[in-house]
Amino acid sequence: MTDQAPGIALLACDAGQRQQLVQVLSTFGYRIVSAEDPASLQPEDLAKIKVDAWLLELADESPLTEWLLEHSDVPVLLGAGEIPAADCEDYPRWQCRLYGKLQPLLGTPAQGQAPSLAAPPTPNPEAHPICVWVLGASLGGPSAVKRFLDTLPASLPLAFVYAQHIDPGFEQQLPQVIGRQNDWKILNCRPGSRLQAGEVLVVPINRQLGFAEDGTLAVSDEPWPGPYQPSIETVLDLVSRQFGPACGAIIFSGMGEDGVAACGRLRQQGSEVWTQDTVSAACATMPSAVLDAGFSHRQGSPEELAAALERWLAREWSAAS
């Protein structure tokens, strides 16, 4: 029996975009299970479609999107991004970005053609060390973090550890939600791997993150200490011990005061601590607690913080490296 290629169901409102995506996905070697007009479907229809992944190009408030994010037991990718013209120099890059999101989830099809660009020189991590920042967030955090990453180039010598208070059932969907339309590689924790530049590591919700002596990621079945899952306080201290002083933190929208004391310890070792401002935050309690404690060096919207971090890296980190 011949193994079937991984199957993708496509939901895109624009008929022309659907046609283009079907062609590209087929060229990659994936099997198109469904590419119906979303206007003809109800949420209950989606349960009848058996696929390995969904690719959506729908409005965020679409009931189909909401149903899949809550009920789908296979990956849901939100958005392929605007498709450049086929003769545009950005088209191969768009193809590679789309393939780069599909291949880790579905594997490489036996048939088909993977897109490629000229490979850049392999970086030497010893010659070009990375800086690691914690992104801490709670209520309103995914939207704020996505805006931040959408603005910040993924080519910087920088990696993030993203600690988000959220329901455990949503943990596996976070990479698709915040990785839409940016080039950052958003990853759920994989024990034994190493944090690399251009990556955003999503902290496990119900298991403690750690680092082995050789710097590889480790996960414990022990729950996080304290009332918050994950504990931003613990994550900040962990990153400080592992990467300090080459580390920093940004506290985004959220409720509660998780992480305030650890932000003070970061300040004491000379690391940067920034906070989202009250105007742009959906819930300003958590960043305001850090600011009121006197631990925030800088405040701003997600876009302003991204621009400031790019400038800071060029001025401070590049010189130190």
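Helix α8 is followed by G270, whose phi is positive, near 90°. The model is predicted, with local features requiring pLDDT of at least 70 and side-chain atom pairs counted only at pLDDT 80 or more, while totals for chains, interfaces and linings use all residues. Residues are numbered from 1 along each chain as its sequence is written, and side-chain values use heavy atoms, with hydrogens and water left out. Helices (H or I, at least four residues) and strands (E, at least two) are DSSP runs, numbered from the N terminus.

Two packed helices are described by the angle between their axes and the distance between the axes. For α7 (residues 232–243) and α8 (residues 260–268), the axes come within 8 Å and cross at roughly 20°; axes are lines fitted to C-alpha atoms, for helices over the stretch in contact, and angles run from 0 to 180 degrees between N-to-C directions. The two helices, α7 and α8, are therefore roughly parallel to each other (angles under 35 degrees).

Contacts (heavy atoms within 4.5 Å) link E233, L236, D237 and S240 of α7 with V260, A261, A262, C263, R265 and L266 of α8. The residues of this contact comprise 6 nonpolar, 1 polar and 3 charged.

Within α8, V260, A262, C263, G264 and L266 are buried (under 20% relative accessible area, 1.4 Å probe, protein chains only). These buried residues pack against α7, β11 (247–251), β12 (272–276) and α9 (285–292). C263 counts as buried because its relative accessibility is 0%.

Definitions and conventions. Parallel < 35°, antiparallel > 145°, perpendicular 65-115°, else oblique. Nonpolar A, V, L, I, M, F, W, Y, C, P; charged D, E, K, R; others polar. Buried < 20%, exposed > 50% of the residue type's maximum accessible area, 1.4 Å probe, protein only.
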